[in-house]
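Here is a short note for a colleague opening this structure for the first time. Please keep the view open while reading.

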Amino acid sequence: MNFHFDRAALASELFRRRSGQQAAAVSRPGKLLVEHTSINPNKAAHIGHLRNAVLGDVFARLLRFRGHSVEIQNYIDNTGVQVADVTVGFLYLERKTSAEVQVLVDDPGIRFDYYCWDLYARVSRHYDENKSAVALRTETLKAIEERQGEAAAVAKIVSTAIVKKHLATMLRLNVEYDLLVEESEILRLDFWKAAFEEMKRIGAIRYETEGKNAGCWVMSLDGGGRAGEENEDVKIIVRSNGTVTYVGKDIAYHLWKFGLLGKDFNYAPFYQYPGGRILWLTSAEGHADALAFGHASQVYSVIDTRQSYLQAVVAAALRAMGHREAAAHLHHFAYEVVSLSPACAEELGYELSPEEREQNYVEVSGRKGLGMKADDLMDMLIEKATEEVRSRRMTDDPGEQLAYGRMIAIGALRYFLSKFSRRVAIAFDFKDALAFEGETGPYLQYTAVRARNIFRKYAETQPAFDPRSLGEKIGKTQLGPLFAGQSGLAFWQLTALAAQLELAVEESITNAEPSIVAKYAFRLAQNFNNFYPHYHVLSEPDPERQAFLLFIVFVVSQTLAQTLDVLGIEIPERM
RNA sequence: GCGCCUGUAGCUCAGAUGGAUAGAGCGGUUGCCUCCGGAGCAACAGGUCGGGGGUUCGAAUCCCUCCAGGCGUACCA
């Protein structure tokens with residue numbers, strides 16, 4: 001089947017849409033919940049956490065672009081083993097009281113998240129060297145869960161301080177949240193107990209009286225071996241000492257996400273972002289203005305691919321409890337981890353073993369204290385970008401130089417973390433991440449600035465000019481001949497590409513793949529840069545043709561701006 | 001062992017629902033600033049799409065099989 005576009009009609013329609021004279025997206029029913037970041041609050045964030053946050057943030061922006069109501073949650077595992085480990089470090093290695101830990105937190109000369117980063121590595125070494133010390137972890141974890149004594153006090157100070165650090169780190173790259181859900185609240189409000197009772201009632205879990213799992217509550221998974229036999233596929237939900245595993249708590253959390261638990265949190269405002277958004281925190285006391293959180297129609301959990309099995313267990317639990325529809329609406333947004341290139345690991349001061357030197361990458365390890373800290377990376381990027389700004393003499397004002405440098409650095413980082421498909425493992429390398437040329441964020445920003453400069457320059461001679469008026473100035477009758485034939489082909493190709501933003505967003509969402517929109521942005525920028533030197537707008541003598549060129553550039557410029565907004569990349573005034 | 005993922009140019013990666021001479025960035029070689037600012041553009045070199053079978057008019061894409069690598073299969077998360 002052959003068919004032809006009415007080029008003029010499409011261009012006209014596209015212009016109206018891109019110039020905001022027609023609503024871009026219809027609002028859609030239901031609420032979509034995106035959970036991302038969810039870093040253990042026991043040490044500084046690293047590059048892997050940034051990948052999680054950027055993927056989750058772009059995905060949420062994609063959904064909002066399509067007109068969905070989206071709620072972004074960040075889960076705080078403040079009663080988990082990792083927090084317990086740092087607590088062990090403070091109590092037993094450093095012999096500090098909770099008051100002394102608080103002094104550390106309040107000391108402006110100390111980066112508390114970096115301090116904990118090192119302490120966590122020390123604790124892990126201590127466990128390796130003293131096997132008996134592992135008992136301290138179990139003991140401490142139980143005390144934290146039961147909110148008893150110094151352990152609970154230290155854990156609370158640590159996790160609260162680290163969460164604030166994480167939020168500040170993420171804000172540097174334009175990542176915001178709607179709600180922080182604390183695991184301690186899930187326990188305190190007996191969310192777990194409610195889920196536990198229900199699972200027992202339905203028979204989704206059973207108590208083991210003998211065998212290797214004696215004393216545990218376990219869930220049987222379909223597939224694998226037969227019930228009761230040695231090779232039965234079983235997952236422990238409640239440990240023999242009565243504490244709940246991560247999966248158990250996650251099952252309760254996910255039931256709540258869908259509004260299936262029959263219980264709810266209380267909320268209090270925690271922080272107001274510079275842009276006005278309020279970040280809420282689950283809390284003991286309720287707040288009258290609290291929005292109705294949860295009750296989502298679709299849930300996306302951005303969690304690395306190594307946790308696929310655990311996420312499958314959560315979905316299996318929902319099904320076992322009869323919530324088949326919810327299980328089908330629970331999406332594990334799985335992505336590969338970020339490791340380090342051997343060269344990068346060495347630059348960070350890590351000594352490689354001969355085998356590690358042979359490999360293409362070195363695994364990041366919080367326990368070894370090996371990883372690229374998020375803030376260090378951003379500092380490096382900002383320094384390099386600011387230096388570029390200085391050398392290009394964009395402005396002499398040091399404050400502006402830094403502001404531009406920051407915007408460009410964050411653009412580079414966000415694009416770098418978005419351009420890979422989520423299934424590929426990234427071996428982080430300074431050379432690639434610090435690049436500002438080629439397929440990078442700054443290339444996109446530069447292109448957007450280029451396009452805008454045409455209008456800025458044009459307005460110098462035509463102060464009353466409003467690009468949105470171009471729509472009336474150039475109707476379909478004028479557009480028809482301009483798009484026709486060989487001479488119109490370049491214009492048509494660029495316009496047709498600009499018309500595909502919605503398609504790219506759609507494809508990005510159905511595949512849960514932010515890289516599709518990132519690649520689209522690059523392709524659009526590349527096409528515009530190719531067009532740019534061939535059609536000089538400002539020196540065009542024919543007024544009608546000049547108006548047409550402005551029309552095309554405006555459509556592309558607006559499309560690129562909207563695409564960058566979806567990617568969370570800001571466009572500087574100059575570049 | 002079982003489950004999931006990956007293998008495309010020297011390097012890093014795109015190629016969704018099978019469609020024409022397999023694309024981009026980096027790196028290499030070579031051109032292009034009397035400027036809407038070159039963080040750019042153009043050109044050249046570079047690929048038996050891990051191997052082998054099969055389905056199809058047509059396969060990087062679907063199926064089978066083998067090889068190589070990764071991850072998971074914890075009373076850690």
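1. Cys216 is buried, at a relative accessible area of 7% (buried means under 20%, exposed over 50%, partly exposed in between, with a 1.4 Å probe and protein chains only). Cys344 is buried too, at 1%. The structure holds 0 disulfides, a disulfide being a pair of cysteine sulfur atoms within 2.5 Å.

2. A word on the basis. This is a predicted model, where local features need pLDDT of at least 70, side-chain atom pairs count only at pLDDT 80 or more, and totals for chains, interfaces and linings use all residues. Residues are numbered from 1 along each chain as its sequence is written, chains are lettered from A and ligands numbered from 1 in the order in which they are written, and side-chain values use heavy atoms, leaving out hydrogens and water.

3. Now the RNA. Around RNA strand B there are 47 residues, of which Arg239, Arg392, Tyr446, Arg450 and His536 come nearest (near means a heavy atom within 4 Å).

4. Three helices, α11 (308-320), α18 (441-461) and α23 (514-531), each supply at least two residues.

5. Check individual atom pairs. A polar side-chain atom of Asn530 lies 2.7 Å from a phosphate oxygen of RNA strand B. Tyr246 uses a polar backbone atom, 3.3 Å from a phosphate oxygen. Glu507 instead faces a base: its polar side-chain atom is 3.2 Å from a base nitrogen.

Terms used:
Polar contact = N/O pair within 3.5 Å; in protein donor to acceptor, adjacent residues only side chain to side chain. Helix = DSSP H or I, 4+ residues; strand = E, 2+ residues; numbered from the N terminus.
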